[in-house]
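Colleague: Could you walk me through this one, please? I'm still learning to read strands and sheets.

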Amino acid sequence: MTIATDNPSSAPSPTETRTPVLQARRLVKTFGRVVGLDGVSLELYPGEVLAVIGDNGAGKSTLIKCLTGAEIPDEGELFLDGQPIHFRRPQDARVAGIETVYQNLAVSPALDVASNLFLGRELRRKGVLGSVFRMMDTKKMRKQAKDELTTLGITTLQDVTVPVENLSGGQRQAVAVARAAAFGSKVVVLDEPTAALGVRESKQVLELVKNLRDRGIPVILISHNMPQVFEVADRIHIQRLGKRAATITPQSHSMTDAVAIMTGAAKVE
């Protein structure tokens with residue numbers, strides 16, 4: 001079976017005439033004899049949700065790691081706002097405004113919500129208390145944390161002084177997403193954000209994704225959940241055997257088409 005789709009090498013669509021916020025060109029990454037990425041390109045445009053899907057071993061995780069500094073590609077180029085960039089570590093990506101929320105969330109259960117939002121970026125008090133005694137400005141961090149949660153429409157976290165270990169899985173995910181949104185000035189990357197959540201909590205996280213898009217922050221969403229992908233994604237990047245098999249939209253293709261391309265049951269033209 002052959003499915004018509006947009007060809008990355010063809011003439012750009014009206015959306016593609018804009019400069020991508022984040023762009024990868026012909027990324028190659030190998031691990032010994034194992035090829036993780038084989039000339040993969042990706043474009044993320046302003047104010048969109050780009051889903052990345054693919055079977056296990058398709059190269060999704062390797063692609064995201066190369067985009068966020070966790071891995072260094074062997075070949076290829078990365079661009080941020082049209083300018084070439086070179087990430088050597090995740091901190092480089094964070095400094096550039098790219099925040100990532102991984103499946104394990106990387107939250108500290110013993111700390112409260114506000115402390116988790118500012119983890120590694122704690123605000124210090126003014127003057128000698130902050131510069132010499134390195135005292136944290138807890139009051140200011142709590143206020144800013146509450147403001148960020150309100151801006152994102154997170155209503156399930158009213159008290160930012162509650163330890164994260166007392167929160168549900170969905171609430172913990174909301175904390176991790178809020179932290180990414182607070183500091184991800186360019187791009188937010190979400191790796192399987194609803195994998196371990198129930199229906200209600202998954203819905204809350206998807207609403208957060210939509211809120212990020214509404215704020216103009218582009219989102220890369222890695223997910224195996226096709227209904228969720230088709231609910232929130234503007235475009236869908238399909239990985240197969242270390243390559244980009246196609247880039248489709250929920251309007252141009254069905255979930256059946258996406259699965260067929262992902263598994264190799266259908267070829268694209």
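Predicted model: local features only at pLDDT ≥ 70, side-chain atom pairs only at ≥ 80, totals over all residues.

Colleague: Okay, is strand E8 buried or exposed?

Modeller: Strand E8 (residues 187–191) has 5 of its 5 residues buried, so the rest of the structure largely encloses it. Buried means under 20% relative accessible area with a 1.4 Å probe, protein chains only, and strands are DSSP runs of at least two residues, while helices (H or I) have at least four, both numbered from the N terminus.

Colleague: And which way do the residues of E8 point?

Modeller: Val187, Val189 and Asp191 point one way, whereas Val188 and Leu190 point the other way.

Colleague: Which strands does E8 pair with?

Modeller: E8 pairs in the parallel sense with strand E7 (residues 98–101) over 4 bridges, and also in the parallel sense with strand E9 (residues 219–222) over 4 bridges; pairing requires that DSSP finds at least two bridges between two strands. Glu99 stands opposite Val188 in E8, and the bridge partner of Asp191 is Ile222 in E9.

Colleague: New topic: what is the strand order in the open sheet?

Modeller: That open sheet of 4 strands has the order E3-E2-E5-E6, with antiparallel pairing. Its edge strands are E3 (34–44) and E6 (83–85), each of which pairs on one side only.

Definitions and conventions. Residues numbered from 1 in each chain as written. Heavy atoms only, no water. Buried < 20%, exposed > 50% of the residue type's maximum accessible area, 1.4 Å probe, protein only.
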